[in-house]
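Q: I would like to learn how to read a structure like this one. Please show it and take me through some of its features.

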Amino acid sequence: MTLLITVFAAVICTALWYFKNDDTKRLGILCFMYWGAALMWSVDAVYEYAAEGAAYFTPSASDMLNDAFLGFSVVALGLVIWIVRILITDPAKTLRKTLMNKTKQV
């Protein structure tokens, strides 16, 4: 489930980056994080399949729930890191303009 969730997030992010590439949102960084996570989970899946064999494809419900929670946690952590980076770098200067307008009004 973690691999599936991160691949979906990577594909959606890549599609957004490809069709709406205005460089102010820095979606490329988010794409790299999700594709890196998907690559990590795919290597993990290969090693787990090598260890378990065909039993890899029949996980228990609790294992699937734990993997889904981990996958959504990875996607959420990637979004948090991306948002913090956007707020720190402020590529569109939106935050700076907003803060400057509020200090001028006071």
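A: Start with Cys13, which counts as buried because its relative accessibility is 3%. Buried means under 20% relative accessible area, exposed means over 50%, and partly exposed lies in between, using a 1.4 Å probe and protein chains only. The model is predicted, so local features need pLDDT of at least 70 and side-chain atom pairs count only at pLDDT 80 or more, while totals for chains, interfaces and linings use all residues. Residues are numbered from 1 along each chain as its sequence is written, and side-chain values use heavy atoms, with hydrogens and water left out.

Q: How is the length of a helix checked, for example in helix 1?
A: Helices here are DSSP runs of H or I with at least four residues, numbered from the N terminus. The expected span is 1.5 Å times one less than the number of residues. Helix 1 covers residues 2–19, and its 18 residues should span 26 Å; the end C-alpha atoms are 26 Å apart, so the two values agree.

Q: Which residues of helix 1 are buried?
A: They are Thr2, Ile5, Thr6, Ala9, Ala10 and Cys13. Down the axis of helix 1, these buried residues fall within an arc of 130°, so they line one face of the helix. The arc is taken from the directions that run from the helix axis to the C-beta atoms. As a general idea, an α-helix has 3.6 residues a turn, so residues three or four places apart point the same way. On the other side of helix 1, Phe8, Ile12, Tyr18 and Phe19 are exposed.

Q: What do the buried residues of helix 1 pack against?
A: They pack against helix 2 (27–52) and helix 3 (61–89). Contact means heavy atoms within 4.5 Å. Leaving out residues up to four places away in sequence, Thr6 touches Tyr34, Ala37, Ala38, Trp41 and Val74. A polar atom of the Thr6 side chain also lies 2.9 Å from the backbone oxygen of Thr2.

Q: What about helix 3: which of its residues are buried, and what covers them?
A: Ala68, Gly71, Val75, Gly78 and Trp82 are buried in helix 3. Their cover includes helix 1 and helix 2. Helix 3 has 29 residues and reaches 42 Å from first C-alpha to last, close to the 42 Å expected. After helix 3 comes Asp90, with a positive phi near 45°.

Q: How many aromatic pairs are there?
A: Rings of Phe, Tyr and Trp (its six-membered ring) pair if their centres lie within 6.5 Å; planes under 30 degrees apart count as stacked, over 60 as edge-to-face and the rest as tilted. The count is four aromatic pairs. Among them, Tyr49 and Tyr56 have ring centres 6.4 Å apart and planes at 75°, so this pair is edge-to-face. Tyr56 and Phe57 also form an edge-to-face pair, 5.3 Å centre to centre with 75° between the planes.

Notes
Helix = DSSP H or I, 4+ residues; strand = E, 2+ residues; numbered from the N terminus. Polar contact = N/O pair within 3.5 Å; in protein donor to acceptor, adjacent residues only side chain to side chain.
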